[in-house]
Amino acid sequence: MSEKRKTKEYTEVSEAQIAVHWKEEEYFRPAKKFIEQANARDPDIRKRFAIENFPDCFREYADLLTWSEPYKKVLDTGKPPFWKWFVGGKLNACYNCVDRHLGQYRNKAAFIFVAEPEEEPPLALTYQELYVRVSEMAALLRDFCGLKAGDRVTLHLPMTPELPITMLACARLGVIHSQVFAGFSGQACGARIQDSGSHVLISMDAYWRAGKLLDHKVNADIAVQTAEEMNQHVDKVLIWQRFAGKYSSPTPMVQGRDFFVNDVLKKYRDQRVEPVPMDAEAPLFLMYTSGSTGKPKGCQHRTGGYLAYVAGTSKYIQDIHPTDTYWCMADIGWITGHSYIVYGPLAIAATSVMYEGVPTHPDAGRPWRIAERLDVNIFHTSPTAIRALRRAGPEEPSKYHYHFKHMTTVGEPIEPEAWRWYYNEVGKREAVIVDTWWQTENGGFLCSTLPALDPMKPGSAGPPVPGIYPVIYDEDGKEVTAGSGQAGNMCIRNPWPGIMQTIWGDPERFVNGYYKRYCKNPNSKDWRDWPYMAGDGAMQSADGYFRILGRIDDVINVAGHRLGTKEIENACLTVADVAEAAVVPVTDEIKGRMPEIYVALKPGHEGTPDTINRIIKANEEIIGRFARPKHVYVVPDMPKTRSGKIMRRVLASISNRRDVGDVTTLANPAVVEDIRKMVQGKDAVVSGEAVPEDIAKFGQND
Ligand code: WTA
């Protein structure tokens, strides 16, 4: 397909669907009571962060931190797009999140941990207690494991206080942590151990999820074995106990390799470890995320710029004050948890709630009971959780006496209808809502209303946050103007302190994946020539608000979690009978999108329920339970072009009950109707609803 034709098709689809799908919504205004107390209530903030003041405007965020050596230069653009922030400065992230608050807040809770079983009372961890526990853990990492600044260590920890304690202990030493979401399988964890070159794995024996105490130690064994098979040797496996002093897993410990953290820690009781001053550009952590290829990318985040950015946005966008009780319901295993449960809130001395379990277990009143009991006043969650809670208990919030001043939604586009339930029922029409758009790569928020200053508009992430200058480009690199009703590729014109430094071990992929497409001059050292391409489709209304329409690449956003279609296809191909696999996104009422799998089997094999089970199991083992497909279809053949390419676009149309369009040019057009019947039944079921952007665009480049 020629470049020209691609553009035309894309634009036509977008305009039509947007007209139907996204009508302009009315504005909602923040309550007076909220405005009066807000951290950002002076409209001057936009001026301070105006493009003329870039990059110096970000000094304001750096000033929120305590530096052991002041930085000399705000931004160094010498080697685009590998920007350097706060050059020459030194600081320690753990010191900034813990030690420096001891004077004023020693006895205030840094974290309140809520376990899944309701009979386990919430546990408040004061700043003093956090300081002691982090310091002891740092002593263990340094003296027992021999870890030092710059080493990587993989964490595969569930949502208990031991997770932030371990992260902060690493940060105290300058050790780069790579926390893998506990829902990832052992194999997925092993692949990340290998990529990061970790010699130490830190995990936990078990944790509660939806009423079951899951064996997690078993994943550590698989992870180590997977890493070894990939030639990465793990010397030590540290196992925290979910219930200290008691082993809650049936999986045996491996002698000489596995150690109970609680036991070893006894040696380091009350040891104080000084925080190591780190270069502002020293990597703080890696966070793996999915991209277009099967290999996950390790987003490498820097110490100074990242911490400054999450501190600033926690203050102004989350509106956290030290007196608030702030609860972000995300898992620390994802970027949201790193930035907005741990580093951002603690940098500004918040009390941050963390909890174990799933929002709707044992019932949909659970989050509101927690909010009531802890008197939470800032609440942060995803559209998937909002949709699930609304479906399971639309009336539940009104039964509990809590009052939120502020609420966040993050991770996926939110439908205006779900937004209104969040506003009316969860927020009781008192709370302001921020719809925050950003990505693992970005460190912190990129688009969101300033809660006291901008009106809210359901379904729109809103204007960019201070200091961020987005632009939407079309396929030819032309700017799409606000209010044109046209969609395009969401980009950011300027660097910002929270952007990742690079992809761990793969700088080329960093440049090619995010900057190559719209780079104006590869020899230029001027940041203006290097817009960042986010990988999302978006449009901008006449009022300047951005609507994010979803991924434009081969990434499926399942319940706010990114899954690469290639990762899933690769997992399917490990099943011996599978000859070909194609994965497409399908809309889902709760999770937003889910993967749907099409496989063609090798000659002589027949699709049985057992085949399908093995395919599902392969995905769970190689990626994790959250990668479970909505359906698996065994098809006689894949729809293919004459050159043999699988037409995933056609399969996506079938899965989403859309018209498949003209398929006469395919090598095997007849199979399309066979597959359609298999998926939709005998009669054609074509939905009249507008096609979401990511699905309309899916597979167009195949
Ligand atoms: C999507 C999560 C619409 C988007 C912080 C992005 C959103 C991907 C929003 C990043 C939002 C995130 N509205 N879509 N408010 N926030 N997204 O890396 O497609 O897990 O590219 O980071 O989630 O997901 P990630």
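Mentor: With pairing. Two strands pair if DSSP finds at least two bridges between them. Helices (H or I, at least four residues) and strands (E, at least two) are DSSP runs, numbered from the N terminus. Here, strand E18 (residues 378-381) and strand E19 (residues 406-410) pair in the parallel sense over four bridges. This is a predicted model: local features need pLDDT of at least 70, side-chain atom pairs count only at pLDDT 80 or more, and totals for chains, interfaces and linings use all residues. Residues are numbered from 1 along each chain as its sequence is written, and side-chain values use heavy atoms, with hydrogens and water left out.

Trainee: Which residue is the bridge partner of phenylalanine 379 in E19?

Mentor: Methionine 407. The chain goes from E18 through helix H15 (residues 383-392) to E19, a right-handed β-α-β crossover. Right-handed means that, with the strands pointing away from the viewer, the path from the first strand over the helix to the second runs clockwise. E18 also runs parallel to E16, joined by three bridges. There, cysteine 328 stands opposite histidine 380 of E18.

Trainee: How do I read the two faces of a strand?

Mentor: In a regular strand the side chains alternate between the two faces of the sheet. In E18, Ile378 and His380 lie on one side, Phe379 and Thr381 on the other, and all are buried. Buried means under 20% relative accessible area, exposed over 50%, partly exposed in between (1.4 Å probe, protein chains only).

Trainee: And how do I describe two rings?

Mentor: A pair of aromatic rings is described by the distance of the centres and the angle of the planes. Rings of Phe, Tyr and Trp (its six-membered ring) pair if their centres lie within 6.5 Å; planes under 30 degrees apart count as stacked, over 60 as edge-to-face and the rest as tilted. By this rule the count comes to 47 aromatic pairs. One of them is phenylalanine 181 with tryptophan 334: tilted, 4.5 Å centre to centre, 35° between the planes. These two residues are 153 residues apart, each in a loop. Phenylalanine 181 counts as buried because its relative accessibility is 11%. Tryptophan 334, at 15%, is buried too.

Trainee: Which charged end sits over the ring of tyrosine 105?

Mentor: That of lysine 108, 5.7 Å from the ring centre. The rule: NZ of Lys or CZ of Arg is within 6 Å of the ring centre and within 35 degrees of the ring normal. Lysine 79 lies over the face of phenylalanine 82, at 5.0 Å from the ring centre.
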